[in-house]
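Subject: Structure handover

Hello,

Here is the structure, for your files.

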Amino acid sequence: MNALTLPDIAAQASRQALPLDWVGMCGIALPVLFDGQRLSAKADAGVSLDDGEARGIHMSRLYLALEMLEQENLSPALLRRVLQNFLQSHEGLSHNAFLKIHTELLLKRPALISPLAGWKTYPVSIEASLKNTMFHVELKIDVPYSSTCPCSAALSRQLIQQQFVDDFANRSLQHADVLAWLGSTKGIVATPHSQRSNAQLQLRLDDYLDDLPLIAAINDAEAALGTAVQTAVKRADEQAFALANGQNLMFCEDAARRLNLALKRSPGINAFHVRVVHAESLHAHDAVAESRWNWEAA
Ligand SMILES: Nc1nc2c(ncn2[C@@H]2O[C@H](COP(=O)(O)OP(=O)(O)OP(=O)(O)O)[C@@H](O)[C@H]2O)c(=O)[nH]1
């Protein structure tokens, strides 16, 4: 076979001269480093195709630039360098570059009482863009937690009171009888419904941060919500969790307001959009609340 020059279709002129907003690849598998951990990730890498005459971009150049992510901890500076590389390798074709990395953070969390700990995953997306030299980073983080309905708790308390009236009407109260009653199923004749819930945080970062504040944002969100889902659990931990939930009744509106206040105080965040989803055990549908701060569509 002759040594032929390989045809380069991307370099041909486009039949329809038209710029494109985003061209690239989605779902590229790659390992990334964060906080010393190697994580399995999927990347979407793209550029704008501003030269409407050009047939296509050079996908392989974007793909190869992602190698920069393998050896260095994820940081705003590293993301910016990758995006700069996208643009340098598409000089004359593209003004804007985009990179989205989706991964799962693995954090070790202590039990509430026992000296145990276990791992929890947090789905995370890091979206970086370089548009006409303007660099932006946005984080998306899912934080699971537990919520107990305050309305259901009040209705349950009323039923417990009613049961007490039924069982103790016209009787002199004896401490031992009341104590035994409280320890029986009649003492908790109704239980409020509670649910595994999810806070979806979208955070726009200050421009010149050294680090991605992923762990700080998760910690701040969990502290604000109060009843993060647990990892290793012994009975003492479960009892402490039951108490924490009983002292932390919340509607989805309460959760969204708490997150709003907490994230405004969280360093490095200059805008956010929060969506909380309570996967109700009362209904087959969810209760949802959203809150935004400094947030306009990008
Ligand atoms: N632009 C573009 N390339 C595609 C698409 N689907 C697959 N490719 C392939 O991506 C491969 C890599 O493209 P390039 O980066 O242009 O490869 P190359 O010409 O060998 O690399 P350079 O010499 O650096 O331009 C090519 O073989 C393309 O056919 C597509 O929809 N658009």
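Which residues line the largest cavity? They are Pro76, Phe135, His136, Val137, Leu205, Asp206, Asp207 and Leu209. This is a predicted model, in which local features need pLDDT of at least 70 and side-chain atom pairs pLDDT 80 or more, while totals for chains, interfaces and linings use all residues. Residues are numbered from 1 along each chain as its sequence is written, and side-chain values use heavy atoms, without hydrogens or water.

A cavity here is a set of points, on a 1 Å grid over the protein atoms alone, where a 1.4 Å probe fits but cannot get out; lining residues have an atom within 4 Å of a point. The search of the whole structure gave one cavity of 30 Å³ or more. The largest cavity holds about 40 Å³ of space, a volume being the space filled by probe spheres set on the points. Strand β5 (residues 134-148) supplies three residues, the largest share of the lining.

Around the ligand are Asp8, Ile57, His58, Met59, Ser60 and Arg61, each with a heavy atom within 4 Å of it.

- Ile57: a backbone N or O atom, 2.9 Å from a ligand nitrogen
- His58: a polar side-chain atom, 2.8 Å from a ligand oxygen
- Arg61: a polar side-chain atom, 2.7 Å from a ligand oxygen

On its own the ligand has 650 Å² of accessible area, and the protein covers 41% of that (Shrake-Rupley method, 1.4 Å probe).

Regards

Note on methods
A polar contact is a pair of N or O atoms within 3.5 Å; within protein, one must be able to donate a hydrogen and the other to accept it, and residues adjacent in sequence count only if both atoms are side-chain atoms. On a 1 Å grid over the protein atoms alone, a cavity is a set of points where a 1.4 Å probe fits but cannot get out, and a pocket is an open set with protein on both sides within 12 Å along at least five of seven lines; lining residues have an atom within 4 Å of a point. Helices (H or I, at least four residues) and strands (E, at least two) are DSSP runs, numbered from the N terminus.
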